[in-house]
Amino acid sequence: MNLEALLQQVFLISQKYDEIAERTGENFNIFNILRVSRLELPHSNVIAALLNPKEHHSKGNTFLKLFLKKLDINETEFSLENAKVKTEVTLDNGRVDIVIESGKKSIFIENKIDADDQNKQLERYYKHKPYKLFYLTLDGRDAREESAGNLEEGREYSSISYGDEILQWLKECLKESVNFPMLRETIQQYINLIKILTGQSRSVEMSNEIIDILLKDKDNYLTAWELRAVVETATERIIKEHFSPEVKKIADKHNLIVLDNNLTSKDKPRHSGFNLSDEKKQWTIRFQFEHRWSNGFLYGFPSSKCEHVTISLNENLDKYLRNKAQELGYKSSDPWWPLFKFMEPYENWTPNVYAELLNPNNEVLKKIEGKIIECLEIIKDYNSQVNY
């Protein structure tokens with residue numbers, strides 16, 4: 001089968017399953033509707049509620065037992081009797097997202113969706129001598145050196161992921177909830193969300209159909225393998241040839257300059273993005289991916305403590321933005337972002353988003369221009385108060 005015919009077959013299969021998902025309501029997710037899908041605290045609360053034997057799920061310590069088994073923790077070493085689960089536990093040198101206590105032993109879980117690692121964060125927690133210290137992320141990456149300090153992964157702390165350990169644990173919890181409709185559907189919704197966040201939302205049936213086509217003959221398989229090698233390069237070209245030049249045009253239109261654009265940097269930084277500033281370079285509007293070219297696309301005003309930001313906000317503007325963030329429907333994150341927001345509906349950049357960038361007058365760039373205007377209005381309001 002030639003390349004064009006193979007791509008056409010894969011497209012038709014994908015389209016079929018998109019239609020099924022739309023028809024069955026698979027894309028309807030309460031966590032997305034509530035706009036909490038990428039916030040660490042709601043995730044910590046859901047996980048902790050399932051782990052907590054005293055929570056109202058009527059399953060006692062069943063979910064906790066499954067969780068400890070998934071993490072290879074022996075019940076003879078960490079007793080389930082009188083176990084307690086807490087969130088946002090304040091220590092004298094930080095705040096742990098999830099803590100599981102049993103007698104004098106504690107399991108610490110540091111939960112990261114989009115937030116940056118804090119200075120010596122894991123190292124500080126380790127000083128409290130937890131029985132186990134886990135670093136939970138979407139993809140299971142190790143903590144940065146600035147957070148882990150001298151701690152060694154696999155020895156003093158362990159990296160776990162939503163896409164592996166959490167997803168597999170939730171599937172086991174789902175099996176135990178088959179006769180509890182409300183609990184079962186809540187867990188299923190959360191599983192669907194985790195699949196979306198970790199890029200596993202496509203159905204097994206669709207994958208098997210595509211695999212069947214690839215295995216029909218060796219040419220199909222070899223063609224697919226060649227495509228696998230060039231997809232990232234194709235995405236780089238979309239960014240370089242269809243996205244960055246259009247961002248420059250939008251910046252020129254609003255008398256802004258583009259700074260620190262590392263979208264196509266060879267070192268592939270995790271926080272890739274670009275900055276916009278006025279000609280006097282008094283402030284920065286930043287658009288940034290929390291995970292390179294894929295998840296957590298946000299915008300706002302960063303402080304100079306953010307990576308890839310070379311312009312410092314003056315103290316008064318920083319204070320003004322932080323005070324205004326909640327009132328204007330934004331978030332604020334110390335010390336990096338005085339004011340920011342995830343850009344809906346393009347918070348997560350799926351292949352469909354990149355395909356949209358190939359269209360003239362695409363909606364992605366229109367949305368970005370709208371957010372730039374939104375930020376310029378905030379600066380305008382600030383200047384009017386300063387000059388009043």
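Reply: Let's take some helices, then a few single residues.

Me: Ground rules first: what kind of model is it, and how is it numbered?

Reply: This is a predicted model, where local features need pLDDT of at least 70, side-chain atom pairs count only at pLDDT 80 or more, and totals for chains, interfaces and linings use all residues. Residues are numbered from 1 along each chain as its sequence is written, and side-chain values use heavy atoms, with hydrogens and water left out.

Me: OK, α1. How many residues, and what does it reach from first C-alpha to last?

Reply: Helix α1 covers residues 3-24, 22 residues in total. The reach is 32 Å, close to the 32 Å expected at 1.5 Å a residue. Helices here are DSSP runs of H or I with at least four residues, strands are E runs of at least two, and both are numbered from the N terminus. The expected span is 1.5 Å times one less than the number of residues.

Me: Which residues of α1 are buried?

Reply: Leu6, Ile13, Ser14, Tyr17 and Ala21. They sit on the same side of α1, because they cover an arc of only 95 degrees around the axis. Buried means under 20% relative accessible area, exposed over 50%, partly exposed in between, with a 1.4 Å probe and protein chains only. The arc is taken from the directions from the helix axis to the C-beta atoms.

Me: And which exposed residues are on the face turned away?

Reply: Glu4, Glu22 and Arg23.

Me: Which residues are buried in α3?

Reply: In α3, Glu40, His43, Ser44, Ile47, Ala48, Leu50 and Leu51 are buried. Their arc is only 160 degrees, which puts them on the same side of α3. The helix runs over residues 40-51.

Me: What about Asn52, buried or exposed?

Reply: Asn52 counts as buried because its relative accessible area is 16%. Asn52 is in the loop between α3 and α4 (62-70). Leaving out residues up to four places away in sequence, Asn52 touches His57, Gly60 and Val85. Contact means heavy atoms within 4.5 Å.

Me: Switching to packing. At what angle do α10 and α13 pack?

Reply: About 35 degrees, with the axes 11 Å apart. Axes are lines fitted to C-alpha atoms, for helices over the stretch in contact, and angles run from 0 to 180 degrees between N-to-C directions. The α10/α13 crossing is right-handed. That is, the near helix is turned clockwise from the far one by less than a right angle.

Me: Which residues make that contact?

Reply: From α10, His242, Phe243, Glu246, Val247, Ile250 and Lys253. From α13, Leu365, Ile368, Glu369 and Ile372.

Me: Now Ser277. Where is it?

Reply: Ser277 is in strand β7, residues 273-277. Ser277 counts as buried because its relative accessibility is 0%.

Me: What does its side chain reach?

Reply: The Ser277 side chain reaches the backbone oxygen of Trp283 at 2.7 Å. Ser277 also makes a side-chain to side-chain polar contact with Asp278, at 3.3 Å. A polar contact is a pair of N or O atoms within 3.5 Å; within protein, one must be able to donate a hydrogen and the other to accept it, and residues adjacent in sequence count only if both atoms are side-chain atoms.

Me: Last one: Lys129, buried or exposed?

Reply: Lys129 is exposed, with a relative accessible area of 73%. Lys129 lies in the loop between α5 (121-126) and β4 (132-137).
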